[in-house]
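Hi everyone, thanks for coming along. I'd like to take a few minutes to walk you through a structure, so let me put it up on the screen.

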Amino acid sequence: MMNEMQILEGSKAVALTVRSCRVDVISAYPITPQTHIVEDLAQMVADGETDAEYIKVESEFSALSALVGASAAGARTYSSTTSQGLALMFEVLFNASGMRLPIVMTTVNRSLSAPLSIWNDQQDSISVRDAGWIQLYAENNQETSDLLPIAYKVAEDKDILLPAMCCMDGFVLTHTFEPVEIPEQSLVDEFLPSYQPKYVLDPKNPLTFGAYADPSIYMEFRYQQHDAMLKAYEKFEEVAKEFEKVFGRKYDLVEEYKIEDAEIVLISMGSIVGTMKDAVDELRKGGEKVGILKIISYRPFPAEKIYEAIKDAKVVVVLEKDVSVGMEGGLLSDIKSFMYNREDRPPIVGFSVGLGGRDVTIGDIKGLVSKVKRAEAEEFEFLNLRREVL
Amino acid sequence: MKLLPGGIVKPKTTVANKTGAWRTFIPIYDEDKCKKCGICETFCPEDCISVDENEFRHPDYDFCKGCGICAEECPADAIEMKYEEKE
Amino acid sequence: MSLFAQGHTACGGCGMPIAVKLVLGGSGENSIVVSPTGCLEVTSTRYPQSAWGVPWIHSLFENAAAVASGIETALKVKGKKANVLVIGGDGATVDIGIRALSGMFERGHNVTYVCYDNEAYMNTGVQRSGSTPYGASATTSPAGKLSFGEDKPKKDTPAIAAAHGIPYVATASVGYPKDIVKKVKKAQEIVGPKYIQILAPCPTGWRFDGSKTIKLAKLAVETALFPVYEIENGEITKVKKIKERKPVEEYLKLQGRFKHLFKENKDQIEVIQKMADANAEKFGLDG
């Protein structure tokens, strides 16, 4: 069966895919640059193009809270937010995961205030990496679309039952038109059966959800969450294989690009990887042995795959759109942390790039590689700071 | 008992928790005075007062915390709170 | 046994479980209850036990109305029918949860929101809430050399609910059990958001002997400090008349939280009496 290739805005691709996942309840609050997604979904509801109900909540806090209720009542649920909205959801993020509700949310990546900025970086989702959500990052709009049904299937698996956020860079992906293949409804139905949870809020079987735990049992709850996230690693691989069978597109927790003989391995997540690929192509033409490891799944964290990809490199460079203030980037810390106990570990340096929507060009990436080669890079630094204003 | 995902709990399982142990004063019901109105049952915060076939009320001392609402509210003065000697 | 089982760990004489069993009595088995964080949640659902005989969920402190909105919406999509209720305390309702509550009202969800009002944050140790009455000494509005306790009147949450144009708003007191059951049943027959605020005295926080819970629940009404009424579609349709209104002292003097008023702050008792008089006037309670 042929899938239709369309030129679509990223937000539209997401909305169409959410519809094809046969979501029951959508609950969202508008915030730039997530708005086009929720507007498209609201229009589909208004036009009767979906059976989903759209709850027009008064805040992001209630957006996710309503989905906690809807999911516990057995509905397949969806929300989308970004930046300040995700920050406002903070408490509910942990709660939804602890209650093991497989809510799926598109997190449009945007910087956090102050200063207020509506532009893209990934500080928002990286900052909630410990909330117990699966986190997947898309490079382009085909991925923003494809990762949604994959996320639902992993999240709803009885051995996983964790919420998932599919992250896409604000404006760079949400507002950009690209060719996207929106999968046929029949194929999505084949891949993603309806959500049939074992335990739901039902007067016929009056169970209690959300009891509190004293110190004699709290740790076991947390361990179960941790264990489920570890299991999500293999579950993602399994689901991705099924996805490939049905849709013909291949996914893994990471994607390698020209990495086999690479002496310098660049690691990053999201849309910047597209620019990095162009830079690597140019560097390769000049004989530089540079490759890329793209992280699609930040949680579960693909430690073994990262290890395999970088163990033979001469130097590893992590580029990320976030910073743990006063420390370094979160991804850099994570990678350094698990590599520390390996014997064959290459040096690892990191750059915070593109914060608050600062453009990162092919030239920037080439310059950064050159700096690393000259052994002039700090262990961690900000790329392209305007030193003259500091 | 194995943890269910998210810690789902079965209904009405607090009955394993015998809150009668909290009691200092115990309500003693006098059937000679009882008018069978059921006010004690209505107001009992533990919901632990049952009715027998003669419509007399009996608190379940496994759960009665001895708050004394039943004695205070009984319009017939049929319930007396007594200090409970414990072993 | 009712739908709220024995073995819960509320304090002896607590008004809250009385309210809960009466609400569930009116609502029946085909109910789904959401409770925010608070006394009710911690005294009824310590893992692995639950007092609840109906499906029940706790998520957070300030989101019960939103969680209920989601449940009601999911039931609609799935073509299922059940009475969706929130039963939560005053702090969760009138303070931290009021944004979610307002949203639930505004969107018209078919949910009955029941606030058991014990007039402070009892679960955390009797800190004042927006529902704490004027003159009461709470741990964050204590009486002191320069203070007669809470210096702001109780927030009029039923009026806030009614201002949303919801079809049914009512107040009640655990002193009048049949009235609670009747109002819950009535609420269930009305489609849309309903709000019922039930006064539930707290022996621990109000500092009185637990045997006097019902007496105080009645005195609050008989003094006109807690008027009992119904508002349907914005109009007051029913009030609980008071035959012989009692002076507020009779209510205040039984409670440790007002004890200081009888020493240095007797003028404040006058202020409270005027508040009761104003309630009686506003709702036409006398008669």
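This is a predicted model: local features need pLDDT of at least 70, side-chain atom pairs count only at pLDDT 80 or more; totals for chains, interfaces and linings use all residues.

Let's start with two strands of chain A: β2, residues 25-27, and β4, residues 77-82, run parallel and are joined by 2 bridges. If you look across that pairing, A:Ile26 stands opposite A:Tyr78 in β4(A).

Next, a helix from chain C. Helix α11 of chain C covers residues 266-283, which is 18 residues, and spans 26 Å from its first C-alpha to its last, close to the 26 Å expected at 1.5 Å a residue. Which of its residues are buried? The list for α11(C) is C:Gln268, C:Ile269, C:Ile272, C:Gln273, C:Ala276, C:Asn279, C:Ala280 and C:Phe283. Looking down the axis of α11(C), you'll find these buried residues within an arc of 150°, so they line one face of the helix. Turn to the other side of α11(C), and C:Lys274, C:Glu281 and C:Lys282 are exposed. And what covers the buried residues? The cover includes β6 (147-148), β9 (229-232), β10 (235-239) and α10 (248-252) of chain C. Just after α11(C) comes C:Gly284, with a positive phi of about 60°.

Let me finish with salt bridges. Over all chains, a search of the whole structure finds 57 of them. I've picked a few to show you.

In chain B, the side chains of B:Glu41 and B:Arg57 meet in a salt bridge at 2.9 Å, N to O. B:Glu41 sits in helix α1 (residues 39-43) and B:Arg57 in strand β3 (residues 57-59), both of chain B, so this pair ties together parts that are 16 residues apart in sequence. As for accessibility, B:Glu41 counts as partly exposed at 25%, while B:Arg57 is buried at 12%.

Staying with chain B, B:Glu46 forms a salt bridge with B:Lys65, and their closest N and O atoms are 2.9 Å apart. This pair links distant parts of the chain, 19 residues apart: B:Glu46 is in the loop between α1 and β2 (49-51), and B:Lys65 in the loop between β3 and α2 (69-73). Buried or exposed? Both B:Glu46 and B:Lys65 are buried.

Over in chain C, C:Asp151 forms a salt bridge with C:Lys152, with the closest N and O atoms 3.6 Å apart. Here C:Asp151 is partly exposed, with a relative accessible area of 44%, and C:Lys152 is partly exposed at 47%.

Finally, back to chain A for a network: salt bridges that share partners join A:Glu139, A:Glu143, A:Glu255, A:Lys277 and A:Lys294.

How values were computed: Residues are numbered from 1 along each chain as its sequence is written. Chains are lettered from A and ligands numbered from 1 in the order in which they are written. Side-chain values use heavy atoms; hydrogens and water are left out. Helices (H or I, at least four residues) and strands (E, at least two) are DSSP runs, numbered from the N terminus. The expected span of a helix is 1.5 Å times one less than its number of residues. Buried means under 20% relative accessible area, exposed over 50%, partly exposed in between (1.4 Å probe, protein chains only). The arc is that of the directions from the helix axis to the C-beta atoms. Contact means heavy atoms within 4.5 Å. A salt bridge is a side-chain nitrogen of Lys or Arg within 4 Å of a carboxyl oxygen of Asp or Glu. Two strands pair if DSSP finds at least two bridges between them.
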